[in-house]
Each structure stands twice: as C-alpha cells, then as structure tokens.
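Dear colleague,

I am handing over the structure we spoke about, and my notes on its side-chain contacts follow below it. Please read them with the model open beside you.

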Amino acid sequence: LNQLLFKDPTKPPMVFHYFPFFGSTIRYGMEPYVFFQDCQKKHGDVFTYIMLGRKMTACLGPKGNDFVFNGKLSDVSAEEAYSHLTTPVFGEGVVYDVPNNILMEQKKFMKFGLTVETFKAYVPLIVEQVEDLVKRSKYFKGPRGTAPLSNIIPELTLFTAARTLQGKEIRDALDGSFAGLFHDLDSGFTPTNFLFPWFPFPANKRRDHAQRTMAKFYMNIVKKRRAAAADGAEHSDMIWNLMDRTYKDGRKVSDRHVAHMMIALLMAGQHTSMATTTWILLHIADQPELVKELFAEQQRVFGKDLAPLAYEKLAECTLLNHVIRETLRIHPPLHSIMRKVKSPMHVTDTNFVIPAGHYILGAPGVSAMDEKYFKNPLAFDPFRWVGQGAEDEGEKIDFGFGMISKGTASPYLPFGAGRHRCIGEQFANVQLATILATWVRMFELGYPEGCGVPKPDYTSMIALPAQPSMISWIKRDP
Ligand code: HEM
C-alpha cells in the first residue's frame, strides 16, 4: 500500500504478482513475448518484474535495445548474469568465467578462425553432411514422405558445425561416444540449470562428467597437433588457430582453455542454428510457392544443371538470404538478453534509476515484431527485405517507416550489438544458407494433412518450434 500511495518516481512500474519470490516467473517462462507485450501495453517500454527473487527491469523498443547492448562496462556485467549457467558447460577460464577484457581477447582469437577463406572451404563440407544425413535417415526413404524436423535438424546442424568449425576428428567422434557426451553436456543447458546450476541433480553430475571428458578429448587433439607442428605439418582449422595465441599480458592460452573455447563455440552455435534451421524449413513448407521460387533462384544463379554450391555465389541468392533474415526477425533464438547492474543506471529519456544488484533485460524480438517498425509484423514475408542491402553495422535500413540506424538502437538485432555482439553471425549465415540451398535442391516441401507451422515452445532456453515439427517432402530426383 505504501508503494501505491507514495510511488517513487525513480522506480519503474512493478508488474503485479501474487507471490513475492516467484513473481512473474511462470508467465515469463511460458510465454515471454505475450508477457512482454502485455506489460508493455500496461506500463510502457520500461517495467520491473520478479523472477525467482531477482528484480528484472525489461527495457523494450529500439531505445531499450540500445540501453542494454550499449551498457558501459562500469555499469553492467554479462558475466554476472550468465556465468552460473555457462561456466559448468563451457568449463572454467573462458567466456563468462573471465573478466570482460579477457573475453574480448578470446573473441578476437576465435574470430581469426572465422574468415572468408575458411567459409569457402566449409560450403562443400556442409553440403556433404546434409546429403549424407538424408541418405542415411530412415525418414527419407522412397520418393515422398513425411519427416519430424525435431528429430532430424539437431543432428544436421551438429554434424555440419562439427565437420567445419570443430574439425574432422570431432565430426568422426560424433559417430561414437562423443554423441552421448554432447547430449549429456547439452542437457545442462536448461532453465532448471539456470536456476539451480550447482545442485547435485543426476543431470548436473552427467553434465560435469561430459564436460571433463570432452575437454580431455580436445586437449588430446591439441597435443597431437603440437607434435605434428613440430614435424612441420600445417592445419587450418579452429583448433589450430587457437593453439598458439598469447594474451596481451603475455600469458599463453593453455590447452585446457583451447578445449573450453571449442566447447563454447560448439554450444553457442548449435542451439541457435538448430532452432533457426527448423523454423526456416517450417515456414517455407507453409508457402510451397516460396520453395518453387527458391529453387528457381538456385537455377538462375547456378545454372539449370545446378553447379555445386559455392560461397561467393550464395551471396547472389537474394531470396535465400531474405528468408534467413525474415526467420530471424520472427524467431530470434535468444529472446532475452540479460545484464546485472553494477552501479545505479539512469534509463535514457525517463526518470527511472535502476539500482545496483538488479538485472536489466533486452528483448529485441519484441521490437522486431512491433507494427511500429514492421508492417504486418506477424506475417512471414521475406519480400519485405527487398532492397534493404547488406546488414553491416552502422548501415541505415529503411524498414518502411523511415530510415533507422542499424547500430545498437535498431529494432532488428538477432545477433545482438555492442561489445557482446555475436562473432558467429557470418558462420551461421553460411551454414544456414548452405543447408537451405541444399534442401530446396533436393525436395519440394509441404505439410501433412492437419499440420502447419507449430507454435514456439519457450520452456528450453531457446525459442524452439513445438515437437515433432512434421513436414512432408517429395524428392526432385527420386
Ligand atoms: C553472442 C545470437 C550463432 C558465438 C551472441 C548474442 C546473440 C547471438 C544475440 C549476444 C548475447 C548477449 O549480448 O548477451 C546468435 C544467433 C545465431 C548465433 C541468432 C545463429 C542463428 C553463433 C555461432 C557462434 C556464436 C554459430 C560460434 C561459432 C557467439 C559468441 C558470442 C555470441 C562467442 C559472444 C558472447 C559475448 O560476447 O558475451 N549470439 N548467435 N553464435 N555468439 Fe552468437
């Protein structure tokens, strides 16, 4: 009552809840976008809610995106928001288990392994993995049929990322015991882990065992590479790239930290690409005309006989790239970007001050689905991107509502912005474009009777389509 009568104008409005500790946990956890949009209607772009005792202040809209992504290092910390979830999975000494300046150096090291030269080599490797998986899969026997994407795509993105970024040893190991280890480690990336990361659940014990065993596996590869290097051999993959790096303070990156960075790359890319690939295929299956146009584009760019896919030519497949961009608009895999507040922060253009110890939360998916910025925002329409050019940071894009700067104050930021911006964006685009192009070269797509684009399921950490995500297919070349 006190709070109602003597409302403190420096505090953002508090979302109503019945139970003090639980607050809005269930509503937010089950349907984050419905929750955000309802609260936005009631309170505006800035409001506070309780999530299991934590005070979360959502900052929505392009200005909210800017506020969260552009937070100064002295004001906000990503590691204090994420570390309890990521460190048991990635391992110590990397990403959010180190001060921000070390993360920035590690990101730079990892980026050296993500060059145009490597992407060129990756395209045929990805094609090979997709074709091989389809050939072996029990779901693609005969000239036509149906297939549950929820069973197929996780393996598809894992194999393609493993064969490219991780190297042949890791891909081969996935046909053996490494697959089970990956699964156990992966099971450590759930909301339960987010809330109780160190609790000795059997799943957490399996996660820790998998982390240690996988790290050893990578460290053995590093050892072999060092021996090979002594003999003058040369490799050019990510492990090779990370092996001989030195921090600015003169410390060498240890073999263990190479292993942990490799695990971090695998995990960061797997869920995001898997969710995006599944949504892409679900949306094009819903518009058979679009599949036809995508196939026609392949023939236009690569010739009637469909020459092998090549990195340089993929950029010419405009519709293909617009389909990816539109999918990431409606289904950005990460719906919540969090930072812990370290010193009181004044929210731009408001009277609000967020105290230290609270969390701020950005949700660029809310602005990407707001009709203020995108006409008919819930429609899957890749053609809305026609004429929008490349997405380089700083570029101005006309979303149909005047020019909006692409910096951190953009309504469309599926890869984040600022110091924590994704380093995997180009790799993800190569992976997604190659998988999609290979897929439309092989199949016409649609839905079995009674099926359609499933609803998103937010109960894992990533916005995934509800299982089993059935589609129907007809082989072009049976
Ligand atoms: C950071 C999205 C794929 C590695 C991020 C962030 C977002 C994002 C939104 C910012 C997080 C924050 O500010 O808190 C995506 C999407 C992907 C994707 C939508 C695919 C469709 C990948 C891949 C890799 C990767 C393939 C690795 C090869 C990273 C890393 C960071 C990051 C290392 C930096 C974390 C930091 O600095 O705090 N990603 N990502 N991502 N991502 Fe990605």
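Is Asp 132 buried, partly exposed or exposed? In this model, which is a predicted one, Asp 132 has a relative accessible area of 30% and is therefore partly exposed, since that value falls between the cut-offs of 20% and 50%. Its salt-bridge partner is Arg 136, with the closest N and O atoms 3.2 Å apart, and Arg 136 is likewise partly exposed, at 47% relative accessibility. The two residues are four apart in helix α7 (residues 116-136), so about one helical turn separates Asp 132 from Arg 136.

Salt bridges in general

The count of salt bridges comes to 18. One of them joins Asp 175 to Arg 171, where the closest N and O atoms are again 3.2 Å apart; here Asp 175 counts as exposed, at 56% relative accessibility, whereas Arg 171 counts as buried, at 5%. Another links Glu 289 with Lys 292 at 3.8 Å between the closest N and O atoms, and these two residues lie three apart in helix α15 (residues 288-302), about one helical turn from each other. Lys 292 is exposed, with a relative accessibility of 53%. Beyond such pairs, Glu 117, Lys 120 and Glu 312 are connected in a network of salt bridges.

Searching the whole structure gives 23 aromatic pairs. Because Phe 35 belongs to helix α3 (residues 32-43) and Tyr 49 to strand β1 (residues 46-51), the pair ties together parts that are 14 residues apart in sequence. Both Phe 35 and Tyr 49 are buried, and together with Tyr 28 and Phe 36 they form one aromatic cluster.

A tilted pair is formed by Phe 178 and Phe 217, at 5.0 Å centre to centre and 50 degrees between the planes. Phe 178 is buried, with a relative accessible area of 2%, while Phe 217 is partly exposed, at 31%.

Charges over rings, and the iron

Two arginines are placed over phenylalanine rings: Arg 441 lies over the face of Phe 302, 4.7 Å from the ring centre, and the charged end of Arg 476 sits over the ring of Phe 295, 3.8 Å from its centre. As for the iron atom of the ligand, its only protein donor is Cys 422, through SG at 2.3 Å, and Cys 422 is found in the loop between β10 (403-405) and α19 (425-442).

How values were computed:
Residues numbered from 1 in each chain as written. Predicted model: local features only at pLDDT ≥ 70, side-chain atom pairs only at ≥ 80, totals over all residues. Heavy atoms only, no water. Phe/Tyr/Trp six-rings, centres within 6.5 Å; stacked < 30°, edge-to-face > 60°. Buried < 20%, exposed > 50% of the residue type's maximum accessible area, 1.4 Å probe, protein only. Lys NZ or Arg CZ within 6 Å of the ring centre and 35° of its normal. Donors = N, O, S within 2.8 Å, 3.2 Å for Na, K, Ca; no water. Salt bridge = Lys/Arg side-chain N within 4 Å of Asp/Glu carboxyl O.
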